[in-house]
Amino acid sequence: MRSVPAPDVAALLIELERSDPATADAARLAVDWLTGGRPLATIAQIDVCDFLWYTLPVRIEATDEERLRIAHALGRLLRLGGMPRYAALCLSGTTARILRTYRRAGEEAGLAACQRALEATGVLPPDVPELTWSTIMGPEESAAHTACSAALELAIVSGELTPGADRARARLTARWLLTPRPELGGDNWLQRVHGERLNRWVLGRGAARRALAQPYEVRLHAPVPPPDGDHLEPLRWLLELGVSGVPLTRRHNLARAVAIEAAERFGWRARGGRVPRAEADVPELVTLHGIARGELRALRRTGARLVITNEGRRLLDDPGAMWDAATAALTAPEDGGSDATMHEIALMILAEGRPLRDGELTARVAEVAAVDDRRPYGGADASPAATHGPQASRLLDRLRRRLDAFGLRARQRSGAEQLTPAGQAAALAALRAHALRPRRYITPR
């Protein structure tokens, strides 16, 4: 970080051109990419690293020799501008080695080398409990990332922080994200990032879904706290059993006595209406067991018993953490794409709170999905139920099992479908967690 303003870029280029026109041309190309027209004084170390280790080898068409010459030319310009630390990066062995990795081992290896080098600088903001950074950032998140990086850089330069001090780096990042900023009108950076992600979520994936999601932008602005009273009792019960150990069968299913207790305690009807003979006879218990072991990693098998993990103990000791983990599991689809979209649509409809007639939820989800999906399923005259109904029915059965496994659906004798008050809060919390998730590049499996 500089203590005095940097000279004007045009003046530096003129000075460089007097002694070395070819180098000035290369430096002009580099600084145009680096600053994007911003004053040179506004750049930070992460900007220079990003240009040298990603933009230059990936986005600028040039030979390997030309890329190295561009890096060196930028170094000379930055040195003339009184930025010796940034100039040293341009001329460093690290930059030469990364450019060589791209050339010899390909883009994937080059990107991995770039990431390692960025981590070593200490100026890359880490993920913190409050925020996992996206790999595809909107303007607000990009500005927050740059601001946090500049704060880390300043702390390193001043001696307050060493590049390898991961915990201190995380603390500083969290503090920078959570501190209100006058330049943001009193907001903090985390609020800006969350607002941007929530807005992108509302506006995504088609007009029909967008109309359904629009009212939730305000409702999901603030965190959804756990409701008062008892909730998530089946999950708490299973984790508490895990403290002393849950007996398993030879095939590693929950013992019959556990299945019988679960069915009696939570009113879960066994298949065929009989007393459960095995875990498989109680679908809600099968789902609960799978979530607790798989997605929550709260239980693990040790020999013939299922025991609680450190993560499970944390969830038991912290009701807020259990609430966050369980509600996030409601939006965990079997696959991405339309599966995730249908889960969202269903939770938005259920969160409205009114009882739904038998089959109404499936029909509404299929209708919204059909309006936004222009693919020609079944011909032009096919109804939404015909084109999307079977998929919606399958996915909603899975969602219902999860809601029932957590005790979040109301029992309705009339056949109507409705969430409990805790279930409505859980649906909102699940939607908020899904809306605020980091955006990632989709890679083929």
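Does R297 count as buried, partly exposed or exposed, and at what relative accessibility? Select R297: at 62% relative accessibility it counts as exposed, where buried means under 20% relative accessible area, exposed over 50%, and partly exposed in between (1.4 Å probe, protein chains only).

The model is predicted: local features need pLDDT of at least 70, side-chain atom pairs count only at pLDDT 80 or more, and totals for chains, interfaces and linings use all residues. Residues are numbered from 1 along each chain as its sequence is written, and side-chain values use heavy atoms, with hydrogens and water left out.

**Two loops**

Stay on R297, which lies in the loop between α15 (283-295) and β2 (299-302). Helices (H or I, at least four residues) and strands (E, at least two) are DSSP runs, numbered from the N terminus. R297 is not a glycine, yet its phi is positive, about 50°. Most residues other than glycine have a negative phi.

Next, select H252 in the loop between β1 (246-247) and α14 (256-266). H252 also is not glycine and has a positive phi, near 70°. Its relative accessibility is 32%, so H252 counts as partly exposed.

**A buried glutamate**

Move to E141 in helix α8 (residues 139-157). E141 counts as buried because its relative accessibility is 2%. Leaving out residues up to four places away in sequence, E141 touches T132, W133, S134, V193, E196 and R197; contact means heavy atoms within 4.5 Å.

**A pair of helices**

Show helix α3 (residues 45-59) with helix α7 (residues 107-121): their axes come within 10 Å and cross at roughly 170°. Axes are lines fitted to C-alpha atoms, for helices over the stretch in contact, and angles run from 0 to 180 degrees between N-to-C directions. The two helices are therefore roughly antiparallel, the word for angles over 145 degrees. To see the contact, select Q45, I46, C49, W53, Y54 and V58 of α3, then E107, L111, C114, A117, L118 and T121 of α7.

**The cores**

Finish with the largest nonpolar core, which has 74 residues; W201, L235, L239, V365 and F406 touch the most other members. A nonpolar core is a set of buried Ala, Val, Leu, Ile, Met, Phe, Trp, Tyr and Cys residues joined through side-chain atoms within 4.5 Å. Helix α21 (residues 421-435) gives the largest share of this core, 9 residues. A second, separate core has 40 residues, including A24, I46, L78 and I98.

Definitions and conventions: Angles under 35 degrees count as roughly parallel, over 145 as roughly antiparallel, 65 to 115 as roughly perpendicular and the rest as oblique.
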